[in-house]
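Here are some short notes for a first look.

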Amino acid sequence: MGTKVSIRDVAAAAGVSVTTVSHVLNNKSGTRVSPETRERVESAARQLGYAANGLARGLRLQRSHTLGLLSDVIATTPHAGRIILGAQETASARGWVLMLLTTGGDPEVERREIQALAQHRVDGVLYATMYHREVALPDELRPMPVVLLDASSGDPTVPSVVPDETGGGRVAVQELLDAGHRRIGFVTNTDDIPATRGRLRGYREALRGAGLPFRPELVLAEVSDTHGGHRAARALLDRPDRPTALFCFNDRMAMGAYRAATELGLRIPDDLSVIGFDNQELIAEGLFPGLTTVALPHYEMGAWAVETMVEMLDQPKGARRRTARQVVMPCPLVRRRSVAAAPH
């Protein structure tokens, strides 16, 4: 039905008056609408696509200078909070307001929150995820400008920004190679996500660049927490030809590797060098010695998403590209004291 859907169509489908539909969809206070009627109206509007079209009309009529940041559970994860900070500070500097909504990964909550963004007439939505992953854009968001933040999709018309997982893995292993290490273990993650695949690719590329063979027995996958890191590191360090260095999928797994090294009487970095990933400062700075790690560009990704959205909104709608920028941001190395020259 597209843009031809009207409030009368919704009223007819729900079997109620136009006034009742208006009260429900605008959340008008002081009106008596039963929960059953409200659900019927919302269901009819959803099936007909009326809420999405209403949002698109609102966007054409006026500029609110408000952006929505809609995320799964990013707001409750401390290491990803810099995404919000980057977006917030950049929006504020440009004179925009940022609304933050968190779905908890619940599709029904997500649908309601998209409706809330529609009612507040946001000019665009930054669709963010807690960790780099591939997403399918909700249909309710398609009528409006969207930028994917720490996420990608198969839609070339939607701009996106993600971290360079492969480059991050490569720079971590190169740091160990430069210190003279040749037996480098990889404590990796069991989840099949872009970070797992990308960091392994970077590990292999760095070894190949140094003329070293890839040894599958030096790569162990576990749950990506401290306990998983401990189990994988312990298994690698128990080998008769144990690695002299470990590259860990994240800082939590690196914390587990520190524990495994201590149990075996190995000193970091004298006997074993360790590199993590994420630059979770509470962990990386709290470990002794401080953990050398790879930083995810959370702040920079949040800032880029806002800048890209504002640029997109400043263009005439007809001039917007059929293909949008898909940006991969570098992950820099943060040196502390967990890497030393390979022991003889």
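1. R199 is buried, at 3% relative accessibility (buried means under 20% relative accessible area, exposed over 50%, partly exposed in between, with a 1.4 Å probe and protein chains only). E165 is buried too, at 4%. The two form a salt bridge, with the closest N and O atoms 2.9 Å apart (a side-chain nitrogen of Lys or Arg within 4 Å of a carboxyl oxygen of Asp or Glu). This pair links distant parts of the chain: E165 is in helix α7, R199 in helix α8, 34 residues apart.

2. The model is predicted: local features need pLDDT of at least 70, side-chain atom pairs count only at pLDDT 80 or more, and totals for chains, interfaces and linings use all residues. Residues are numbered from 1 along each chain as its sequence is written, and side-chain values use heavy atoms, leaving out hydrogens and water.

3. R111 and E108 form a salt bridge, with the closest N and O atoms 2.5 Å apart. Both lie in helix α6, 3 residues apart. R111 is buried at 7%; E108 is partly exposed at 35%.

4. R325 and E311 also meet in a salt bridge, at 3.3 Å from N to O. R325 is partly exposed at 36%, and so is E311 at 41%.

5. How many salt bridges does a search of the whole structure find? It finds 23. R215, E217, R239 and D241 are linked in a network of them.

Methods:
Helix = DSSP H or I, 4+ residues; strand = E, 2+ residues; numbered from the N terminus.
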